Amino acid sequence: MSIYTNHRKIMLIGPMGAGKTSLGKRLAAQLKWCFVDTDHVICQKTGVDIPTIFHSEGEQGFRKREHEALLSTVQASGDAVVACGGGIILRPENRRLLGAQFLVVFLDTSVPRQLERIRHDRNRPLAQRPDLKEYLIQMREERLAFYEGLADIRLDTDSNRFHLLLQQLHQQVLQWL
Ligand code: S3P
C-alpha cells in the first residue's frame with residue numbers, strides 16, 4: 001500500500017521496446033484497472049509530442065517533466081498500471097518514489113530485439129541516431145543495475161509471442177496482489 005494514495009499501482013519499467021505500453025494496456029484491461037503512460041501524461045499536459053519537448057527543452061527539460069508526470073500519476077486515486085518511460089529510473093527522486101511504494105515490474109529485452117522494435121519509430125528522440133546499437137548497449141550498461149535494483153518482478157520480453165508474455169505477466173502480478 002502506498003503512502004501517497006490508498007490505491008494500488010503497478011509500475012512497469014525497462015528499456016525502450018520492452019513492451020511496457022503494449023503489455024501494460026492489456027494487463028490493465030484484464031485487471032479492470034486504469035492504464036497510464038508517463039510519456040502520454042507529459043504530452044497531454046504540454047499539448048505537444050515527445051520529440052518536440054526534447055527539441056525545445058533538451059533531455060533535462062524532458063526529465064523534469066517526466067518527474068512531474070510520475071508524481072502526479074502516483075498521487076492520483078484509482079488502481080492503475082503505469083508504463084514508465086525507459087529513462088525514468090535515472091533520477092534518484094524517481095527511484096525513491098518507485099521503490100518504496102509500488103509493485104515494480106521490470107520488463108527486459110535484449111538490444112537486438114530493441115533494435116528490431118524501435119529502429120523505425122520516429123517518436124523516440126534518443127533512438128534517432130546512426131550508432132543506435134552501440135548507444136542502446138551503453139544505455140543498458142548505465143541503467144541495468146537501476147532496473148534490477150527496483151524490480152519486484154522481472155520478465156524477459158524477447159519473445160514475440162505477445163499473448164504468452166501477457167499471460168506470464170498477469171500470473172506473476174496476481175501473486176503479489
Ligand atoms: C526514453 C524512453 C521513452 C521516452 C523518451 C526517453 C528513455 O519511453 O520516455 O523517449 O530515456 O529510455 P519508452 O521507454 O516508453 O520508449
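Start at Thr 73, which touches Lys 9, Val 36, Val 41 and Val 82, leaving aside residues up to four places away in sequence; a touch here is a contact, with heavy atoms within 4.5 Å. Before going on, note that this is a predicted model, where local features need pLDDT of at least 70, side-chain atom pairs count only at pLDDT 80 or more, and totals for chains, interfaces and linings use all residues. Residues are numbered from 1 along each chain as its sequence is written, and side-chain values use heavy atoms, with hydrogens and water left out.

Thr 73 sits in helix H3, residues 50–75 (helices are DSSP runs of H or I with at least four residues, numbered from the N terminus). Is Thr 73 buried or exposed? Thr 73 is buried, at a relative accessible area of 5%; buried means under 20%, exposed over 50% and partly exposed in between, using a 1.4 Å probe and protein chains only.

Now for the ligand. H3 turns up here too, giving the most to the shell around the ligand with 3 residues. There are 13 residues around the ligand, and Lys 20, Asp 39, Arg 63, Arg 124 and Arg 143 come nearest (a residue counts as near if one of its heavy atoms lies within 4 Å).

Look at the polar contacts next, that is, pairs of N or O atoms within 3.5 Å. Lys 20 has a polar side-chain atom 2.7 Å from a ligand oxygen.

Conventions
Helices (H or I, at least four residues) and strands (E, at least two) are DSSP runs, numbered from the N terminus. A polar contact is a pair of N or O atoms within 3.5 Å; within protein, one must be able to donate a hydrogen and the other to accept it, and residues adjacent in sequence count only if both atoms are side-chain atoms.
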